[in-house]
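Welcome! Here is a short briefing to read alongside the sequence and the 3D view.

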Amino acid sequence: MMGCWILNESLSVILVLLWLGVNIYLFIDTFCWYEEEESFFYTRVILGSTLAWARASAVCLNFNCMLILLPISRNLISFIRGASICCRGPWRRQLDKNLKFHKLVAYGIAVNATIHIVAHLCNLERYRWGQSTEVEGLLAALSKLGDAANESYLNPVRTFHTNTTTELLATIAGISGLLISLAFILIMTSSTEFIRRTSYELFWYTHHASVIFFIGLAIHGAGRIVRGQTPESLVLHNVTACRDRYAEWRTAALCPVPQFSGKEPSAWKWVLGPVVLYAWERIIRFWRFQQEVVITKAVSHPSGVLELRLRKRGFRMAPGQYVLLQCPAISPLQWHPFTLTSAPQEDFFSVHVRATGDWTRALCRAFEAQGRAPTEPRSLPRLAVDGPFGGALTDVFHYPVSMCIAAGIGVTPFAALLKSLWYRCCESQPPLKLSKVYFYWICRDPRAFEWFADLLLSLEMRMSERGKTHLLSYHIFLTSWDEDQAFHIALHWDGNADVITGLQQKTSYGRPNWNNEFRQIAYHHPSNSVGVFFCGPKALSKTLQRMCRLYSSADPRGVHFYYSKESF
């Protein structure tokens with residue numbers, strides 16, 4: 001058990017170190033090869049070590065570009081998550097960090113791209129300097145190769161006064177390199193958390209510049225600007241014997257003029273598989289887009305929350321999963337993730353959408369749902385659904401004890417879990433491994449409690465009737481209120497039901513003391529594995545991660561908290 005606990009805590013670090021180690025190995029191995037390879041000896045005379053810097057970073061770029069699409073291949077991740085034989089325990093939890101790995105690989109691309117660009121800028125300047133009248137000896141002889149008939153050039157810059165920028169942009173490598181760089185800069189700068197929160201549409205559209213990025217990457221090496229000695233020339237022209245006899249190359253039979261050619265492009269070989277896989281993902285999405293989605297109900301809830309109840313032939317889900325929604329009337333390209341809020345046992349699937357951005361506000365307007373009664377399905381615009389896809393919260397039922405913590409609209413993933421909990425606890429087979437759920441909801445707006453309180457009230461009544469009240473313990477925290485609300489709360493505090501939610505369990509005011517909450521759960525479950533599942537802001541996520549580390553016992557027989565955060 002102790003080994004398993006250590007593995008759970010350190011597996012992420014091990015995987016990151018493995019990724020970093022492969023990058024370092026590829027860089028050093030390629031660097032050393034270009035520094036020592038005989039066919040590039042004459043190229044090194046002109047370029048020096050910047051040749052190796054450029055080529056080593058290029059190989060690392062290819063490796064990371066191969067990886068960048070895999071973490072966002074949702075169907076692949078869902079398939080791996082469902083393959084419980086090869087993906088259990090700590091390995092399964094690593095799938096929840098797919099977006100973190102996607103970002104990490106993007107940073108790797110950024111670092112290696114910077115090295116690659118700087119190295120090639122230095123190479124261009126060295127090529128230009130090789131044509132200077134001040135240059136003598138072997139360097140001058142190599143730079144002049146290609147002027148006579150039956151000679152292949154080594155230096156692509158043919159005169160000292162050539163404008164290297166203009167010369168570069170006249171080549172396939174230069175144009176494609178510029179397009180790749182611009183596309184990547186656009187993608188990176190629009191991927192900041194601030195832009196994703198304030199303008200998700202900008203983030204969504206600019207990410208499609210990845211099409212330009214991968215096309216440019218595939219053809220980037222076709223220009224073959226960096227050249228090395230051909231294998232045939234190496235047989236006839238021994239570098240060791242002939243490098244000091246450059247003045248006799250055109251006359252000596254034993255040292256003929258060396259011949260050069262560009263290295264065959266290889267980037268497309270690295271990225272072909274992942275690109276085909278991701279293209280297949282898009283084909284599946286297009287196929288799902290064509291499938292009919294029946295909207296059975298659209299309901300407006302308080303705080304600008306829109307509930308959509310949907311049906312789709314062959315749709316199967318599990319608690320904690322999410323779908324991608326598209327509304328062609330708003331945008332024919334945008335797909336947005338939403339957690340499913342219905343249970344698998346229900347004859348529909350539902351999502352709750354909060355009007356926080358341009359697209360979600362437009363969706364609420366399209367359904368005419370804000371401040372109105374349930375809408376007739378016949379008058380509603382068309383929706384397309386892709387999914388469902390697995391998420392971190394699907395593992396709630398795999399623990400004997402689970403803590404479910406939500407902040408604000410982050411409560412939506414837990415609606416499906418609590419509904420499914422009710423259905424499953426009423427079923428005799430198979431017996432639940434889960435014996436206790438602690439549910440926490442922290443929210444600022446009292447109106448936001450109203451739509452979810454109905455679900456909790458229903459669960460409270462049903463579990464009381466079935467004698468299952470021990471299964472669910474819920475705690476609701478209100479963090480913001482005005483003076484009138486405070487007076488109203490104080491006036492009705494002694495009532496049987498809570499004045500805010502109508503539940504038997506009273507609402508707490510302020511923020512939870514997580515030290516006390518974790519300490520109590522650790523005390524009541526001294527030898528259990530406790531799954532901690534969270535959906536909400538990053539700051540609270542860091543606090544909960546720290547609590548999990550702090551209150552996990554060093555004793556293998558003690559309590560251990562395993563943290564998972566919902567992310568799309």
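Helices (H or I, at least four residues) and strands (E, at least two) are DSSP runs, numbered from the N terminus. This is a predicted model, in which local features need pLDDT of at least 70 and side-chain atom pairs count only at pLDDT 80 or more, while totals for chains, interfaces and linings use all residues. Residues are numbered from 1 along each chain as its sequence is written, and side-chain values use heavy atoms, with hydrogens and water left out.

**The whole protein**

- The secondary structure comprises 21 helices and 14 strands.
- Of the 568 residues in the protein, 49% are buried; buried means under 20% relative accessible area, exposed over 50%, and partly exposed in between (1.4 Å probe, protein chains only).
- Among contacts (heavy atoms within 4.5 Å) with a separation of 6 or more, 75% join residues 24 or more positions apart.
- The accessible surface, computed by the Shrake-Rupley method with a 1.4 Å probe, is about 28,100 Å², and carbon and sulfur atoms hold 60% of that area.

**The second largest pocket**

- On a 1 Å grid over the protein atoms alone, a pocket is an open set of points with protein on both sides within 12 Å along at least five of seven lines, whereas a cavity is a set of points where a 1.4 Å probe fits but cannot get out; lining residues have an atom within 4 Å of a point.
- The second largest pocket holds about 1,200 Å³ of space, where a volume is the space filled by probe spheres set on grid points joined across faces, edges and corners.
- Its lining has 47 residues, and H116, H120, A173, G177 and H220 lie nearest the centre.
- Elements giving two or more residues to this lining include α1 (2–36), α3 (50–67) and α9 (172–189), but the largest share, twelve residues, comes from α6.
- By class, the pocket lining has 28 nonpolar, 14 polar and five charged residues; Ala, Val, Leu, Ile, Met, Phe, Trp, Tyr, Cys and Pro count as nonpolar, Asp, Glu, Lys and Arg as charged, and the others, Gly among them, as polar.

- H116 sits in helix α6.
- Is H116 buried or exposed? H116 counts as buried because its relative accessible area is 10%.
- Leaving out residues up to four places away in sequence, H116 touches A54, S57, A58, L61 and H220.

**The second largest cavity**

- Which residues line the second largest cavity? They are V396, F397, C404, L417, L418, L421, L434 and V437.
- Helix α17 (residues 412–426) gives the largest share of this lining, three residues.
- The cavity lining divides into eight nonpolar, no polar and no charged residues.

**Two covered elements**

- Strand β8 (residues 384–389) is mostly covered, with six of its six residues buried.
- Strand β5 (residues 322–326) pairs with β8 in the antiparallel sense over four bridges; two strands pair if DSSP finds at least two bridges between them.
- L325 has V385 in β8 as its bridge partner.
- Helix α7 (residues 137–144) is mostly covered too, with six of its eight residues buried: L138, L139, A140, A141, L142 and S143.
- Part of the cover over the buried residues of α7 comes from α2 (41–47) and β2 (260–262).
- Look just after α7 for G146, which takes a positive phi of about 105 degrees.
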